[in-house]
Amino acid sequence: MEKSKVIVIPCSEYKEERIYREMKASLDLLGGIRSFVKPEEKILLKPNLLKRAEVDKAVITHPDVIGAFARILREENYPNLIFADSSGMGTTTKVIKGTGIDTYLEKYHIPAIDYSEAVKVDYPQGNTAKSFMLPKELTEVDCVISLCKMKTHALERITGAVKNSYGFVYGTYKALGHTIYSNADSFARMLVDLNQYVDTRLFVMDGIMAMEGNGPGSGDPTPMNVILMSTDPVALDTVFSHLIYLDPKLVPTNLHGEQLGLGNMHRANIQILLPDGKEITVEELQKRFGNPKFNVDRKPVRHNAWSRVNRMIKVFQKKPYIDASKCIKCGICVKACPVEGKAVRFKQGKGKPPVYNYKKCIRCFCCQEMCPQKAIKVK
């Protein structure tokens, strides 16, 4: 099996010039930008734009990473570039306004696109998902470059390269997807199918400032001081897992991603390289760049009779809860809930925090992702 290369770029600060220089040199280790995309192709730059947030909160891909990569493409004479994401809340242009991303896009003459309509695409060879509702504009590009963010995730443990692709799904169909693929494993297999359908040529992960804890939208910023680059999203997320001392097999997108042929998870099939071309081991990676105290769910998955009973009665499972002292009764969690009839609602009126019906709750954690006050946590 051919090894997947993952480039680990040490970087301790957000400075466009430095990021640009390091990424440009590192691309040569992967064969150079022209080995991924041709100058005449129409390219979508796909960031992580979960929701509108202050840049230093580590919720979205940092503007300096986006700007540096845009500069590389423009200097290499790539004329056909667009920038877009299907955000959890708000449109692309609304989410990026005033963040600095909009300034870079204007500087490098890259239009930010608000997706206009959904198009159904069939994917009969999919293992789990046989079709997708994608933005029309996505179906009109030749390929994608993913500019993802290093964060934790309540459902999948981490959100990185593979999970970033869920932003390909159009608007309201993202919420619907959570009801169809309602557990971590089925959701991961759907993500693998989605990654195999959409032609994403390169994955760049912003891990200079990552998010730990109550991610992907309400966690805590923590420095990891790296940028990761690879053409293999599973290998990239596996290296992310090693950096935070998380067993890669505990990440459903890693496990199913390798099983279904999306990429490599086993360390023997991954080559970890520094920008100077030196190969390092997982142990060296962790010693130099790792954080064993990174706040992420490391609990093993149980596969026994008790766990099967538990899934049926839904008692000892992760579930969202509202910290009443932080809740502002905005109702965004209610709106975000994809379950018919709502699993969280204003049962006691809008003067009090919403209340969960855990019998309806599918543990998709859309409410927790979208809460603007970090009032929803998972226990």
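Me: Is Ser87 buried or exposed?
Reply: Ser87 is buried, with a relative accessible area of 10%; buried means under 20% relative accessible area, exposed over 50%, and partly exposed in between (1.4 Å probe, protein chains only). This is a predicted model, in which local features need pLDDT of at least 70 and side-chain atom pairs count only at pLDDT 80 or more, while totals for chains, interfaces and linings use all residues. Residues are numbered from 1 along each chain as its sequence is written, and side-chain values use heavy atoms, with hydrogens and water left out.

Me: Where does Ser87 lie?
Reply: Ser87 belongs to the loop between strand S3 (81-83) and helix H3 (92-96). Helices (H or I, at least four residues) and strands (E, at least two) are DSSP runs, numbered from the N terminus.

Me: What does the side chain of Ser87 reach?
Reply: At 2.8 Å, the Ser87 side chain reaches the backbone oxygen of Leu49. Neighbours within four places in sequence aside, Ser87 is in contact (heavy atoms within 4.5 Å) with Leu49, Leu50, Val95 and Lys174.

Me: Which residues lie nearest the centre of the second largest pocket?
Reply: Ser87, Gly88, Met89, Gly171 and Lys174 do, out of 34 lining residues. On a 1 Å grid over the protein atoms alone, a pocket is an open set of points where a 1.4 Å probe fits, with protein on both sides within 12 Å along at least five of seven lines; lining residues have an atom within 4 Å of a point.

Me: Which elements give two or more residues to that lining?
Reply: They are strand S6 (143-153) and the helices H6 (161-164), H7 (172-180), H13 (332-336) and H14 (366-370). The largest share, four residues, comes from H7.

Me: And how much space lies in the second largest pocket?
Reply: About 850 Å³, where a volume is the space filled by probe spheres set on the grid points, joined across faces, edges and corners.

Me: How do the residues of the lining divide?
Reply: The lining has 12 nonpolar, 14 polar and eight charged residues. Ala, Val, Leu, Ile, Met, Phe, Trp, Tyr, Cys and Pro count as nonpolar, Asp, Glu, Lys and Arg as charged, and the others, Gly among them, as polar.

Me: Turning to S6, how many of its residues are buried?
Reply: In S6, 11 of its 11 residues are buried.

Me: Which strand runs parallel to S6 over five bridges?
Reply: That is strand S2 (residues 43-47), where Leu44 has Val144 of S6 as its bridge partner. Two strands pair if DSSP finds at least two bridges between them. S6 and S7 form a hairpin with three residues between them, and Thr152 stands opposite Ile158 in S7.

Me: What is the bridge partner of Lys149 in S8?
Reply: It is Asp206. Strand S8 (residues 200-212) is mostly covered, with 12 of its 13 residues buried. S8 is also joined by nine antiparallel bridges to strand S9 (residues 220-230), and Met205 has Leu228 in S9 as its partner.

Me: Last topic: where is the place of Lys318?
Reply: Lys318 is in the loop between helix H12 (305-313) and strand S12 (320-322). Its relative accessibility is 30%, so Lys318 counts as partly exposed.

Me: What does its side chain reach?
Reply: The Lys318 side chain reaches the backbone oxygen of Ala154 at 2.5 Å. Lys318 and Lys379 are 61 residues apart in sequence and 5.4 Å apart in space, C-alpha to C-alpha.

Conventions
Polar contact = N/O pair within 3.5 Å; in protein donor to acceptor, adjacent residues only side chain to side chain.
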